[in-house]
Amino acid sequence: MPSRDFKRTDRVGAELRRELGLLVHAAVRDHGLPSVSVSDVEVTRDLDWATVWVTALLPDQSVPAVKALNELAFEFRRSLSRSMRLRRVPELRFKYDDSVDKGERIDTLLREQARDLGPREESDED
């Protein structure tokens, strides 16, 4: 019997990410929320809960954006129940994904370190 490469939770998570990306984009536009985008969706094995990771264009606006998205979660879930072919759509929890912020901080630190060291000078010790 051939093994499956992807679990059902992975497929459901990918579909939720696509659908929620559109819904969140519309909510940002319609409700005047800070600009956020869906970066990933993790679904529990029993498909009861989905953690939706979002990134913000401006990190200092992430807390109000996530709070507003959690308040709109019921509406998103209802919309997903109409657009997806699932017996039961998972409960949605929105969380802020700070990996982009951490990556930018590391990049900034590396650039500063490279600037402080300056270009290497070749030595004539041969």
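This is a predicted model: local features need pLDDT of at least 70, side-chain atom pairs count only at pLDDT 80 or more; totals for chains, interfaces and linings use all residues.
Residues are numbered from 1 along each chain as its sequence is written, and side-chain values use heavy atoms, with hydrogens and water left out.

Helices (H or I, at least four residues) and strands (E, at least two) are DSSP runs, numbered from the N terminus. Three strands make up an open sheet of mixed pairing, in the order β1-β2-β3. The edge strands are β1 and β3, each of which pairs on one side only. From one strand to the next, the twist averages 30°; axes are lines fitted to C-alpha atoms, for helices over the stretch in contact, and angles run from 0 to 180 degrees between N-to-C directions. Strands of a sheet pair through backbone hydrogen bonds, either parallel or antiparallel. Two strands are taken to pair if DSSP finds at least two bridges between them.

The pairing of β1 with β2 is antiparallel and extends over seven bridges. These two strands form a hairpin with five residues between them, and Leu 47 in the turn has a positive phi of about 60°. Strands β2 and β3 run parallel and are joined by six bridges. Within this pairing, Ala 50 stands opposite Leu 92 in β3, and Val 52 has Phe 94 in β3 as its bridge partner. Strand β2 (residues 49-56) is largely enclosed by the rest of the structure, because six of its eight residues are buried. Buried means under 20% relative accessible area, exposed over 50%, and partly exposed in between (1.4 Å probe, protein chains only).

Asp 40 lies in strand β1 (residues 36-43), and its bridge partner in β2 is Trp 53. With a relative accessibility of 29%, Asp 40 counts as partly exposed. Leaving aside residues up to four places away in sequence, Asp 40 touches Arg 17, Thr 51, Val 52 and Trp 53, where contact means heavy atoms within 4.5 Å. The side chains of Asp 40 and Arg 17 are also joined by a polar contact of 3.3 Å. A polar contact is a pair of N or O atoms within 3.5 Å; within protein, one must be able to donate a hydrogen and the other to accept it, and residues adjacent in sequence count only if both atoms are side-chain atoms. Asp 40 and Leu 20 are 20 residues apart in sequence, and their C-alpha atoms are 9.9 Å apart in space.

In helix α3 (residues 73-83), the buried residues include Ala 73, Phe 76, Arg 77 and Leu 80. These residues lie on the same side of α3, because they cover an arc of only 100° around the axis; the arc is that of the directions from the helix axis to the C-beta atoms. Phe 74 and Arg 82, on the other side of α3, are exposed. The buried residues of α3 pack against α1 (8-31), α2 and β3 (91-96).

Ser 62 is located in helix α2 (residues 62-71). Its relative accessible area is 8%, so Ser 62 is buried. The side chain of Ser 62 reaches the backbone oxygen of Pro 59 at 2.9 Å. Not counting residues up to four places away in sequence, Ser 62 touches Ala 56 and Tyr 96.
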